[in-house]
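Colleague: Before I plan around this model, I want to know what stands behind its labels. Walk me through them.

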Amino acid sequence: PQGMSAGAAPCGDDMLGYERSRTRFVVGAGLRLDEAYRLAHLPLVAPGHPRVIAREEGAPYEMGRRAPVVSLVLHVAWEDLAASPAFKALEAELRAAPFARKIAWAASEARRDRLHATICGSMAPGREAPALTEAQRAALEGLEGVEVELRGAFSGNVNLGRLYLRAYPERRGGENLFVVIQRVFGRAPGDLHVVGMWNLVDDLDARETEALAAIIDAWWRRPILRLRAERLRFLWSCDDLALDGGFDGDVALTRCRAPFSPATCA
């Protein structure tokens, strides 16, 4: 991945839903893991926790696991994040925070090679990537790459307990390029493009919550990593953290057939 080029600009918060969807912390109150998190996430990172929801009528989860599905995602390489001074500084703050012992660091380590922002979720059941039409391939290759800026950290108003980086895709012709991609697949436009990074294993008390809120505020506008995506990837998974999952096929976003060797496209 390369840095965002001089002529490219990321979408602003006015085009995305992060401000609308962020956690509204209450001064003097703690953070309680919500029902969605306790059903789909907490069983994976703290299966013995007394507030785990093992199963729920009408929900597909059994201790956080479900039937496999394939989604189209932006893969974020751990090597690129690990080389970012900003990311190192952010993670150092999290490790030094009063709630650090409540982060499932082992789970974060286990899924490092599957970090992603979902562009089109649940595209097909099972583990095999769906076939694209020639029209879809041509439309995606015609984008000639998408530039993305990651910022963080982020806690939303659903799945309270999961912490993310926020992806700001390139704005081109007044449009969010991730929305353009969603349109190619007939999907409704989305304005939240998050990269799941860390999971809590317990509720936070008031002091811990105050520290988390301060970190989120301090990093809201700070870039973590700028990258150029020349492909998307199909990711199958049997849980929402992709602990049990893997990649199965790529989708080119450029006519260049060797996306990680820019010299071949010169």
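Colleague: Why is Ala242 called buried?

Modeller: Its relative accessible area is 2%. Buried means under 20%, exposed means over 50%, and partly exposed is in between, with a 1.4 Å probe and protein chains only. Since 2% is under 20%, Ala242 counts as buried.

Colleague: What kind of model gives these values, and what goes into them?

Modeller: It is a predicted model, numbered from 1 along each chain as its sequence is written. Local features need pLDDT of at least 70, side-chain atom pairs count only at pLDDT 80 or more, totals for chains, interfaces and linings use all residues, and side-chain values use heavy atoms, without hydrogens and water.

Colleague: Where is Ala242, and what about its backbone?

Modeller: Ala242 lies in the loop between β9 and β10. Helices (H or I, at least four residues) and strands (E, at least two) are DSSP runs, numbered from the N terminus. The phi of Ala242 is positive, about 55 degrees, although the residue is not a glycine. Ser122 also has a positive phi without being a glycine, at about 45 degrees. Ser122 is in strand β3, residues 116–125.

Colleague: What makes the bond from Gly152 to Ala153 cis?

Modeller: Its omega is near 0 degrees. Ala153 belongs to strand β4.

Colleague: How do you know whether Phe234 is buried or exposed?

Modeller: Its relative accessibility is 3%, so Phe234 counts as buried. Phe234 sits in strand β9, residues 231–239. Contact means heavy atoms within 4.5 Å. Beyond its neighbours within four places in sequence, Phe234 is in contact with residues including Val70, Met123, Leu132, Phe247 and Val251. Phe247 is 13 residues away along the chain, and the two C-alpha atoms are 5.6 Å apart.

Colleague: Why does Thr23 count as buried?

Modeller: Thr23 is at 10% relative accessibility, so the 20% cut-off puts it among the buried residues. Thr23 lies in the loop between α1 and α2 (35–40). Leaving aside neighbours within four places in sequence, its contacts are Leu31, Ser155, Gly156, Asn157 and Leu160.

Colleague: Why is the pair of Phe87 and Trp198 called stacked?

Modeller: The ring centres of Phe87 and Trp198 are 6.1 Å apart and the planes are at 10 degrees, so the pair is stacked. It links distant parts of the chain: Phe87 in helix α5 (residues 85–96) and Trp198 in strand β7 (residues 194–199), 111 residues apart. Phe87 and Trp198 are both buried.

Colleague: Which residues form the aromatic cluster?

Modeller: Tyr18, Phe154, Tyr164, Tyr168 and Trp220 form one cluster.

Colleague: How do you know that a charge sits over a ring?

Modeller: NZ of Lys or CZ of Arg must be within 6 Å of the ring centre and within 35 degrees of the ring normal. The charged end of Arg151 sits over the ring of Tyr168, 3.8 Å from its centre. Arg166 lies over the face of Trp220, at 3.8 Å from the ring centre.

Colleague: What puts the buried residues of α7 on the same side?

Modeller: In α7 (residues 134–141), Gln136, Leu140 and Glu141 are buried. They cover an arc of only 125 degrees around the axis, so they are on the same side. The arc is that of the directions from the helix axis to the C-beta atoms. Glu134 and Ala135, on the other side of α7, are exposed. The cover over the buried residues includes α8 (177–184) and β10 (245–252).

Colleague: Why is the protein called as compact as a globular one?

Modeller: The protein has nine helices and 10 strands. Its radius of gyration is 19 Å, close to the 18 Å from the globule rule for 266 residues, so it is as compact as a globular protein of that length. The radius is taken over C-alpha atoms, and the rule is 2.2 Å times the number of residues to the power 0.38. Of the 266 residues, 53% count as buried.

Terms used: Rings of Phe, Tyr and Trp (its six-membered ring) pair if their centres lie within 6.5 Å; planes under 30 degrees apart count as stacked, over 60 as edge-to-face and the rest as tilted.
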